[in-house]
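Please consult the sequence and the model while reading the sections below.

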Amino acid sequence: MGRETYTGDVAFELRGHLGIITLNRPHAVNALTQLMCECILVQLQDWAEDDRVSQVLVRGAGDRGLCAGGDVSSLYQDMAALQEHDGGGILPDGVPGYAAEFTSEWFLANEYALNRTIAQYPKPYIALMDGLVLGGGIGVSAHGSHRIVTERTRAGMPETTIGFSPDVGGTWLLSRSPGRMGLHAGLTGAHLDAADTIALGLADVEVPAEVLGELTQALSTHPVAEVLPRFTRTPGASTLAESQTWIDQAYTAPTVEELLQRLDELASTEEAAATAAESLRGKSPVSLKVAHRAILAAGELTLPAALETEFTIAVHMLRSADFREGIRAQIIDKDRAPRWNPGTLEAVDAELVQTYFTPVPGRGLADRQSL
């Protein structure tokens, strides 16, 4: 018999020697909240020292996916309050205006601490990347030791679509994909199938979705290295891998402007290049330039250093007009018609991009005591 402990939006179960984490917000495709991140972090720390637990598995409740990312709707409410009060004055509940900003930063700080803990976990960490696995969902899965996709997997880092930049260690992961495929995936925010997710290095193996329950049960009594090979199958061909030649040709451009020019030149012979160019032109110009620099730079960083850079970027973006506008257009009003500011790549100069990489004194990950 398993021992279960529920904390609302996330459930923990000890089944045999397997610790199971179930993200338990199926109505929101298991989008992460700050409390969920805190609870998972504490549970992982406990299980790391618990001799009864030999390996850990994370999965999502419901049939839509592991995790659609962080709960950006709540971040939007915080940012709306900041916009109204400009970081000062008193919010309706009597809390100073800057408190909303720090609430959002604490959420991200705890989420990034969780990502780092998963990457450094001393026991096998098995992620069932079934269905939607976006943004924060990548953070709780792709840093694990055993990353499993299915025919239903749709993974990706769609942050540029909402005026943000890949985070949760995403810049570090994408920078280590073959050639410039990770840069392409990070800038376009494209959804990836099982084969593409494996090709980018975000997952390891594919299993049929119908056997996930059987696999989970087998893992409760046997080591993952012994069990997993019995369930895996050869993934199909990766469209991204087959496209690497033109992707590398375009994405080795030194600037986003030149990158787009190369995509336009390739469009006559590569339909996917035309699609990529169209997609990029709909993203936040600021986000594209910040993400471009962040992903390339992360190739020379450790994961902790990349997370620190991502947090610095996030501190600035939490106060940016584009992040609020992106969430409004995609999630709140759903008109899919964001009004970016600045509205063109040419208007985003190097000085503006640099501000997103400039640490704010007292506002780094090291300043968050919970880490």
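Asn30 lies in the loop between strand 3 (18-23) and helix 1 (34-48). The model described here is predicted. Although Asn30 is not a glycine, its phi is positive, at about 60°. Asn30 has a relative accessible area of 0% and is therefore buried.

Lys334 likewise is a residue other than glycine with a positive phi, near 60°. Lys334 occupies the loop between helix 16 and helix 17. With a relative accessible area of 55%, Lys334 is exposed.

## A cis peptide bond

The peptide bond from Asn341 to Pro342 is cis, its omega being near 0°. Pro342 is placed in the loop between helix 16 (321-332) and helix 17 (350-355).

## Packing of helices 11 and 12

Helix 11 (residues 244-251) packs with helix 12 (residues 256-266) at an angle of about 140°, and their axes are 8 Å apart. Helix 11 is therefore oblique to helix 12. On helix 11 the contact is made by Trp246, Gln249, Ala250 and Tyr251, and on helix 12 by Leu259, Arg262, Leu263 and Leu266. These residues comprise six nonpolar, one polar and one charged.

## Cysteines

A disulfide requires a pair of cysteine sulfur atoms within 2.5 Å, and the count by this rule is zero. Cys37 is in no disulfide, and the nearest cysteine sulfur to it, that of Cys67, is 8.4 Å away. Cys37 is buried, at 0% relative accessibility. Cys67 is also buried, with a relative accessible area of 0%.

Definitions and conventions. Residues are numbered from 1 along each chain as its sequence is written. This is a predicted model: local features need pLDDT of at least 70, side-chain atom pairs count only at pLDDT 80 or more; totals for chains, interfaces and linings use all residues. Side-chain values use heavy atoms; hydrogens and water are left out. Buried means under 20% relative accessible area, exposed over 50%, partly exposed in between (1.4 Å probe, protein chains only). Axes are lines fitted to C-alpha atoms, for helices over the stretch in contact, and angles run from 0 to 180 degrees between N-to-C directions. Helices (H or I, at least four residues) and strands (E, at least two) are DSSP runs, numbered from the N terminus. Angles under 35 degrees count as roughly parallel, over 145 as roughly antiparallel, 65 to 115 as roughly perpendicular and the rest as oblique. Contact means heavy atoms within 4.5 Å. Ala, Val, Leu, Ile, Met, Phe, Trp, Tyr, Cys and Pro count as nonpolar, Asp, Glu, Lys and Arg as charged, and the others, Gly among them, as polar.
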